[in-house]
Structure formats: C-alpha cells, structure tokens
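This report concerns the arrangement of a two-part assembly, to be read alongside its sequence and coordinates. Please consult the display below while reading.

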Amino acid sequence: MTDEMTEPAIDLATFDELKETAGADFIMELVDTFLAEAPLMLDGLRSAFAARDADVFRRTAHSLKSNSNTFGAHALGAMARELELTGIAPVAEANGKPLESLAQEYARVAAALTDLRGA
Amino acid sequence: MRETAHGAARLLVVDDNKVNRLLLTRSLELQGHSVASAENGRVALEMLRRESFDLVLLDMEMPEMDGFQVLGEMVNDLQLRELPVIVTSSLEGIESVVRCIELGAEDYLSKPVNPVLLKARIGASLEKKRLRDQQKEWMRRFATREVAQDLQQSGFSLGGKRVHGAVMFSDIRGFTALVETQPPEETIELLNTYYTLMFDAIGSHGGVVTLMAGDGLMAIFGAPLPLPDPCANAVRTALEMIETMDLFNLERVAANKPQIKIGVGIASGEMVAGYAGTNERATYTCIGDTVNLASRLEAHTKVAERTILIDGATRAALHERVTVELLGPVAIRGKAAPVEVFSVNLGQKV
C-alpha cells in the first residue's frame, strides 16, 4: 500500500503517448468519459460483491483494469486485475477492505486526471 | 470490399466499455477508416447481419453476449464466417487467446492496444480479405454460385457421387462460318452477349454451367444441389433460351447482322457428378451415358432440323406437361439400339 501511495497515480509517459496518438482534444473527451464511467464501475463492484455475483464482479474488475492501464493508472490497474483474478472470496475474507482501497486509489487517479485534463 | 479510399475500410468496433470503444474508434478513424461501434455481442451480430463490414474488432468480456459467443455465431453463418475478426482484449491466460484463434479469430491484440501494432494487424487482415474476395470473385466468374457454395461448404476434393438430374448441351448453328465472316472482336463480343443471356436463363432455373467450349456449353440440373423436378427445369431453360435468342435476333436483324440460331439437346437420368482433374486444376463436371446422350441429341438437332431435342426419360418425367413431336427411333452413335427422340414444340409454357 505504501508503495502505491508513493507511486504517481498516473504514469505520465503512458498518458502523453495516449494524448499524442489520440489527439489533445479527444483526450479530454476520453478523460471525461472515464471520470463518468469509473464511479459506476466501483458501484458495480460493490453491488456485485454484496450480491455475490462472481461473473459481474470479474467482468467489472476487468473493465476497470483495462481503462486504468489505458490512462497509465498502473496501480489502480493492478488492484483491479487482482480483483479480476482472485474474485469475491478474498474480498469477503477481508470484510470488503480491498474495495475501499480501490476507491481510495481511484480518488487519487481522478484528481491526477482532472489536473492533467486542465493542463 | 466497400473501400472508401485506398486502404480505407469499414470497420466494426465491439466493446462494452465506453472508454475502450471511443479510443479504438478514434484510433481507427485517424487511420482513415470508417468506423461503427456496438456495445455488446448481440448488437454487433445484428449490425453485421444488416450492414456490410470489412473487419471486426472484438472485445471478449461483454455482458449479454460475449466475444466467444459472437465468434461461435459467426463461424456458423455463411455470410459472416469469412469476415476477419481481430480480438482486442485484456483476457488473462493464454488459453483464452488460443480459444479465440480456434474459434476463427484472425489475430489477437491485448489492451491497451498499441496503435502501431493495430495499424499493422489491420492492414494485414484487410489485405488477406481483399485477396479472399478476389478469389471468390474469380470463382464466381468461372464457376457458378452453386458450385462455389458447394466448394465453400464441403471443401474441395476430387471424386464424384451419383446424382439424378438432367444434362443440357447447346451450341450456335453455323458458328464457324460466322467467325470467318466477321472481325474477331465482333466474335468475342457476340460470344459474351450470348453467354450472358444463356447463363442468365440457365441460372434462373437452377442449372449450373459446367463447360464452355467455343460456342458450345454444357449445363447440369440437379447437381451439385438436388432439384425436385430437374427435367422440367431443363426444358423450361431451353424454351427460355430460344425465346431470348429470338429477341436478340430482332436486334441483330435491325442492325443488319445475320441471325444466331442455336440447337439444344437434353437427356436425363443417373450420372456421376464431381470435381475431376488434378488438385491444382479441376472442374465440376458430370460424366456418364446421360451426358453422352445429351451431347448426341444436340448434334442431332442439325440433322433433324429441330431446335430442342429431348430423350425418352425427360419426356416421361414431364408427361403431358410438354407438347412434343415424336421423331421416332434414331440411331445415336454410342448407343447399341436406336433411341426415341422427341422434339419440343417451341413457344409453349411448361
């Protein structure tokens, strides 16, 4: 956890590459879409966890992983990947704690992306 | 391929995730392609069946209908099975990738998709599709739809099977003399027009042209796909061919050109149909007594001075549905005993 907190939320090299290939205007639209969609994914993970719906849980974690890596949010991506691979059981054992950590990391990512978006 | 510009194509992006969908669409548009998108497999299949695309970029993890199901449906759909699919996913585990390829996916790109790799893979896929389309076009031009379909469905293998059907031979009367009196370009143009008209008549009655030689052609009714009433189809075709030639001749007379007369012979029964030749070059054809008889009957039209001649089996299959003139037993080369030959009265509806 300490490692993830010291690591930047967004890897700038990845983000800049994305910006270059997709275009500066388009990247804003893409960031806005992610900032709108990601909270829904976090909600989706929580409700899939509550309903013990393994399929939706895995798929939502997969989607979040994929988007995180696209923007260079590697820590968030790694956490989402862990959830995708291990599923609901370890989250239940830890009383839902991994989902809270995920939400905290996302908050860091969202703040960084909002800054980058303005830049 | 419905190309908009050189190298540009119409692509379908299938992904349930909006960020992925937007990003991929954007990257492809920047490469000059025209792009549509679908948010799950079910919507994608609906679009694929409704519109024409050159390539699909398919995500695997999707609600409602995932990528594996889409690939499975596409393999079983004759219209879609050859459409190239590039899987774009961040699936965990090599076995998922293997499964995609086994289900017919052409390539696999992991997400986030590298734009350079994306461009290269799409270029390769489209080029392969272009070659396949070209091959299909050649096959369509030189074989026929039925034969092409049969090949696509059951694959190519030399060897035949016994079928029941009708065989038709036809040629242009006095063609050799005609060739000598007109410039070669005119002959080729005449042949092209003639073949277009005859192919149209034959194809519209379920026949398949298996042989073209000079001004002659051979067609089969009842193979490779069986027909319920092959004799009727063959006779209807012959009557339509004659009607068409009558119309064509009106134009020729108006243009001060000699009329074109054709002769048609039809025989029916059992024959062996299949691909004959070598593995490099083969044609779909029919062999057997029935085929020989049809060829002899066509040759006999000149002697008998009739336009359409049919054998007893064809006559029997049609009963009173066709009015004919009995030409009596005719000695046919290759037949020990004389055979009954019937001339079909022209201008009737069968």
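## Overview of the chains

The model is predicted. Chain A holds 7 helices and 0 strands, and its order along the sequence is α-α-α-α-α-α-α. Of its 119 residues, 35% count as buried. Among the contacts in chain A with a separation of 6 or more, 63% join residues 24 or more positions apart.

For chain B, residues 24 or more positions apart provide 66% of the contacts with a separation of 6 or more.

## Helices H3 and H7 of chain A

In chain A, helix H3 (24-50) packs with helix H7 (residues 97-118) at an angle of about 170 degrees, and their axes are 10 Å apart. Angles over 145 degrees count as roughly antiparallel; H3(A) and H7(A) are therefore roughly antiparallel to each other.

From H3(A), the residues in this contact are A:Met28, A:Val31, A:Leu35, A:Ala38, A:Leu42, A:Leu45, A:Arg46 and A:Phe49. Their partners in H7(A) are A:Leu99, A:Leu102, A:Ala103, A:Tyr106, A:Ala110, A:Leu113 and A:Arg117. By class, the contact consists of 13 nonpolar, no polar and 2 charged residues.

## A buried loop residue in chain A

A:Ile10 is placed in the loop between helix H1 (2-6) and H2 of chain A. Is A:Ile10 buried or exposed? The residue has 22 C-beta neighbours inside 10 Å, and a residue counts as buried at 20 or more, so A:Ile10 is classed as buried.

Leaving aside residues up to four places away in sequence, A:Ile10 touches A:Phe15, A:Phe71, A:Gly72, A:Ala73, A:Val109, A:Ala112, A:Leu113 and A:Leu116. One of these, A:Leu113, also takes part in the contact of H7(A) with H3(A).

## Helix H2 of chain B and its surroundings

Which residues of H2(B) are buried? They are B:Gly41, B:Ala44 and B:Leu48. Viewed down the axis of H2(B), these buried residues fall within an arc of 55 degrees, so they line one face of the helix. An α-helix has 3.6 residues a turn, so residues three or four places apart point the same way. The face of H2(B) turned away from the buried side bears the exposed residues B:Glu46, B:Arg49 and B:Arg50. The buried residues pack against strand E1 (10-14), strand E2 (34-38) and H3 of chain B.

The axes of helix H2 (residues 41-50) and helix H3 (residues 67-75) of chain B come within 9 Å and cross at roughly 25 degrees. Angles under 35 degrees count as roughly parallel, and H2(B) and H3(B) are therefore roughly parallel to each other. Their crossing is right-handed. In this contact, B:Gly41, B:Ala44 and B:Leu45 of H2(B) meet B:Gly67, B:Gln69, B:Val70 and B:Glu73 of H3(B). The contacting residues comprise 3 nonpolar, 3 polar and 1 charged.

## Contact between the chains

Chain A contributes 18 residues to the contact and chain B contributes 15. On the side of chain A that touches chain B, at least two residues each come from helix H2 (12-22), helix H3 (24-50), helix H4 (54-71) and helix H5 (74-86). H4(A) supplies the largest share, 8 residues. The side of chain A that touches chain B has 5 nonpolar, 8 polar and 5 charged residues.

## Loop residues with positive phi

Two residues other than glycine are described here. A:Asn95 has a positive phi of about 55 degrees and is found in the loop between helix H6 (88-93) and H7 of chain A. With 9 C-beta neighbours inside 10 Å, A:Asn95 counts as exposed.

In chain B, the phi of B:His319 is positive, near 50 degrees. B:His319 lies in the loop between helix H11 (312-318) and strand E12 (324-330). This residue is exposed, with 7 other C-beta atoms within 10 Å.

Terms used:
Residues numbered from 1 in each chain as written. Chains lettered and ligands numbered in written order. Predicted model: local features only at pLDDT ≥ 70, side-chain atom pairs only at ≥ 80, totals over all residues. Axes fitted to C-alpha atoms, helices over the stretch in contact; angles between N-to-C directions. Helix = DSSP H or I, 4+ residues; strand = E, 2+ residues; numbered from the N terminus. Parallel < 35°, antiparallel > 145°, perpendicular 65-115°, else oblique. Left-handed = near helix turned anticlockwise from the far one by under 90°. Contact = placed C-beta atoms within 7 Å. Nonpolar A, V, L, I, M, F, W, Y, C, P; charged D, E, K, R; others polar. Buried ≥ 20, exposed ≤ 12 C-beta atoms within 10 Å, placed from the backbone. Arc of directions from axis to C-beta.
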